[in-house]
Amino acid sequence: MKRAIIAAGLLASVSTPTILHAQDSDVLVMRRAIATPEGSTSIQPSPDYSRVPLVLRDNGENTYALKGNIGLEVETNGCLLTSGVISTDAELCVDGQGPSVGDIINFPAEMDPDLRTYYVARSTYSEYLPHFSDQQIEQLCTGTIGISGETYQGSCDPAAVVNTYAWVANGLEDPSRRSSSFPGDMNPTADTDAINLYVNNIRCKLNSTGEIVDNSNCSGLGKSPANTIVEVAAVMGPEFRSAYLTSADVLAAAPDISQSAANAVCGKTVRVAGNNWTIDCGTPKDPSNYQRVADKLLDPYSNYSSIEPSMRYVNASADRGLLTLSVNGLRCMDYTSGSPEQGDYQDCIHLSEGPSQYDHVTFPATYVDGMKAVYLERTDLEAALPHGGRAGFSSYNAYTPAELCDPAFDGFRIKIGGTNGLEDWTVFCGPPEDPADYARKVNLALDPAVFYPSGQYHVRETNSDFNGTSYAFSVKSTTCVNTVTGEPGGNKCDHLQEGPSVYDLVSIPAAYVPQLREIYVQRADLSSALGDGAGRASYYDSNSFYKDVDQICTEGLARIKVGPDSDRQEWTMFCGDPVDPANFKVQAQVLNDPFDAYDYSDRSNRETNSDPNATEYRFSVYRRSCTDTSTGETFDATRCDYLDGGLNDYDIVSMPASFVPELREVYIDRTVLEETYPALTSIDDGRGAGTSIDNICNGNERSFWVAGNSWTMFCGEPDDPARYADMPFSLVDPKNRYPNTEFRALNEDLSDGLYRFGVYATRCFDITDGSYAGTTKCRYLTQNKAEQYDIVAIPVEYDIDNKEILVTRAALEEAMPYGAGASYYAGNYKDVDDICNGELRNLRAGPVATDTWKMVCVN
């Protein structure tokens with residue numbers, strides 16, 4: 001069943017409107033009395049007449065929206081004549097303006113699904129229906145219509161849609177994030193003073209007080225602002241893609257939102273005019289305070305857009321008065337503080353002015369073909385690269401104008417078109433220069449045997465004549481010099497036609513001395529070949545091996561190659577006139593025990609001194625010296641390595657010697673040693689410890705290997721082993737220190753008139769004077785050598801009753817010479833005087849094991 005609101009109006013001046021309530025058809029009709037003109041006057045249709053609604057009806061198609069429209073369909077029209085009379089004859093307005101029957105008139109409305117009410121402002125009805133009377137408007141205000149299948153009561157009082165509780169907005173978000181609810185662009189243009197956000201969070205409010213209450217109070221309410229659009233006032237900044245607003249603006253648009261939710265709007269991203277913008281709650285930025293500048297200007301050959309690869313060759317056929325560079329990277333300069341500061345690049349990315357990536361910047365340029373150099377003006381570079389911008393071939397090789405314009409700077413490489421296609425040129429800053437002011441010279445030179453062009457092996461044979469008259473170096477690198485100022489020229493000589501180039505050979509007059517494998521050159525010739533003294537040379541390409549002219553002339557340049565591939569030798573270069581090899585002699589400087597110093601390829605030398613009865617001691621040459629006999633100057637032995645008949649390392653040399661096997665000592669004559677080896681400084685024993693000749697002669701070196709044992713070397717006449725004896729020195733009661741049980745019983749039989757001591761320790765003496773000879777002197781004696789547990793028997797008498805052992809002093813002195821001592825145990829030894837004073841007690845003798853005896857002198 002349809003419900004209609006019918007508003008009928010005739011002559012504005014005729015009768016008071018009446019309100020009729022339909023009964024059977026449930027149609028509410030609002031009319032004025034209809035007045036029909038009398039007489040025979042005929043009114044013709046005119047385009048000047050206007051159609052006006054007489055009857056509006058609910059067509060049943062209204063749907064709920066928190067803030068939406070109420071649509072009423074025009075069911076019957078009247079015709080407003082130019083006289084102001086409304087005629088019921090709609091045909092009079094067939095050519096006129098105004099709504100037609102069936103048109104929908106939409107009235108902005110708020111709805112409450114819970115109260116089943118809707119609100120339309122009275123002024124809205126009056127504005128849309130200016131020919132309706134107040135009574136007719138009132139009927140519209142109080143009528144009912146169907147909304148989404150439910151009957152809603154109309155009202156022109158906004159309180160009609162206010163419930164006890166209400167859901168209110170408590171969060172706003174970009175509508176583009178909810179495309180299902182907002183498929184269209186809700187912020188389609190930047191030319192506006194507001195931004196549309198949708199409500200993405202709600203909370204419950206008590207309408208009577210405005211207090212926010214628990215959400216459970218609103219749980220049954222259907223009316224909600226969720227997913228509705230809120231318009232927030234904003235200042236749009238398209239240059240920064242920022243919408244500037246404050247939390248106060250948010251609260252003005254959504255009064256019930258919390259402060260924290262209002263603050264949360266700041267910084268959100270919102271889609272505006274198809275682009276992502278940022279909601280900025282700060283002060284709006286002034287675009288005039290920002291400048292987008294190039295970070296780097298690079299060779300277009302290395303920096304180009306893949307969309308336009310042909311731009312790589314913009315300098316290939318360019319006007320020789322211009323040079324083009326390509327923008328690589330951008331920076332944002334912020335002038336807000338009054339002076340430029342590096343800013344956030346995002347602040348400049350959308351500025352309408354300023355360079356963009358891959359833009360081309362063209363400079364006035366001067367080309368110098370003789371140097372393949374392009375010169376730019378500093379002012380042009382600084383204008384194109386303000387605030388720290390850089391220019392170069394690539395992003396890894398880019399420089400500020402200050403660096404580019406430093407006189408010591410080597411410029412940067414760039415591809416320039418030439419007759420044979422692209423060529424490497426160099427860009428410099430400053431006035432163009434004259435190629436004649438520069439000279440290319442040798443910087444580093446190498447032995448051509450190790451540095452030569454790939455595959456050109458014949459270059460290795462350059463210095464193959466052992467009796468040559470010149471020596472040639474191969475140029476490893478060159479240097480550039482400004483001949484006007486004397487200053488280094490960097491790379492400005494790279495394309496000069498004159499001067500040495502890499503792999504060129506520079507030849508020097510030389511004298512060869514094959515016997516010493518030495519080459520002699522004059523200093524002036526060497527200096528001329530090596531960049532007028534500024535260059536360096538080496539046999540091997542490592543910076544630590546290169547030597548300049550001074551070093552070569554002072555130290556020599558070793559290991560340069562001379563001779564053909566089949567017999568290539570290492571020689572040394574010196575400065576000056578060649579020496580006479582006949583004046584050089586190699587001599588032994590350090591001699592060593594052959595057992596310790598031997599050629600590992602011939603280990604037999606270790607057995608050189610295997611005869612303990614030999615008449616010569618044979619040394620191994622451990623270190624040599626080379627002496628110029630004409631000057632007495634001594635050099636490292638290697639200088640004499642190639643002399644015929646020279647002494648070599650590990651050669652065996654003999655020295656007259658006397659061997660004393662009983663002492664394991666060998667004696668040499670110092671005078672003969674020093675005469676035979678005048679350059680000798682030391683001798684190493686088998687421990688590899690170098691020592692002086694004085695130490696050798698004093699017997700301080702004890703590790704010379706002879707016949708499989710360590711011997712001691714001395715200088716002078718050999719010692720006589722008969723002078724030495726290893727004597728008993730510490731005697732003990734055999735009951736206390738013994739090697740076996742039989743030894744303990746030596747003094748149990750008292751009948752033979754002897755008391756026997758066991759030898760516990762010995763000492764070596766020179767028996768010619770009774771002096772102590774040291775522990776090692778007697779170590780290897782085969783005679784006059786006492787051993788531990790030898791027996792020393794002394795004639796005695798036993799006084800059994802008093803348990804005394806009676807002995808004469810003379811017997812004691814014979815048995816215990818050189819200060820020997822005796823004890824009943826190994827310690828607290830008593831010498832002859834002590835014994836004669838009765839101090840030796842607790843000796844064991846006789847068959848009774850527990851008896852203790854005292855030794856007494858009786859003279």
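Visitor: Where is glutamine 497 found?
Guide: Glutamine 497 is in the loop between strand 30 (470-482) and strand 31 (505-509). Strands here are DSSP E runs of at least two residues, and helices are H or I runs of at least four, numbered from the N terminus. This is a predicted model, where local features need pLDDT of at least 70, side-chain atom pairs count only at pLDDT 80 or more, and totals for chains, interfaces and linings use all residues. Residues are numbered from 1 along each chain as its sequence is written, and side-chain values use heavy atoms, with hydrogens and water left out.

Visitor: Is glutamine 497 buried or exposed?
Guide: Glutamine 497 counts as exposed, at 74% relative accessibility. Buried means under 20% relative accessible area, exposed over 50%, and partly exposed in between, with a 1.4 Å probe and protein chains only.

Visitor: What is asparagine 592 in contact with?
Guide: Leaving aside neighbours within four places in sequence, asparagine 592 is in contact with Ala597, Phe619, Ser620, Tyr622, Asp684 and Asp685. Contact means heavy atoms within 4.5 Å.

Visitor: How about glutamate 211, which strand is that?
Guide: Glutamate 211 belongs to strand 13 (residues 211-213). Glutamate 211 is partly exposed, with a relative accessible area of 46%. Beyond its neighbours within four places in sequence, glutamate 211 is in contact with Cys204, Lys205 and Leu206.

Visitor: How far apart are glutamate 211 and arginine 122?
Guide: Glutamate 211 and arginine 122 are 30 Å apart in space, C-alpha to C-alpha, and 89 residues apart in sequence.

Visitor: Backbone next. What is phi for serine 148 and tyrosine 358?
Guide: Serine 148 has a phi near 50°, and tyrosine 358 has one near 75°. Both values are positive in a residue other than glycine. Most residues other than glycine have a negative phi.

Visitor: Where are those two?
Guide: Serine 148 is in the loop between strand 9 (144-147) and strand 10 (150-155), and tyrosine 358 is in the loop between strand 21 (341-343) and strand 22 (360-364). Serine 148 is partly exposed at 44% relative accessible area, and tyrosine 358 is partly exposed at 34%.

Visitor: Zooming out, how many helices and strands are in the chain?
Guide: The chain has 13 helices and 54 strands. Its radius of gyration is 62 Å, well over the 29 Å that the globule rule gives for 859 residues, so the chain is more spread out than a compact globule. That radius is taken over C-alpha atoms, and the rule is 2.2 Å times the number of residues to the power 0.38. The C-alpha trace spans about 195 × 100 × 45 Å along its principal axes.

Visitor: What share of the chain is buried?
Guide: Buried residues make up 43% of the 859 residues.

Visitor: What pLDDT does the chain average?
Guide: The chain averages 89, and 94% of the residues score at least 70. Over residues 1-41 the pLDDT is below 50, though this stretch has 91 contacts in the model beyond near neighbours in sequence. pLDDT is the predictor's confidence in each residue, from 0 to 100. Where pLDDT is low, the predicted coordinates should not be read in detail.
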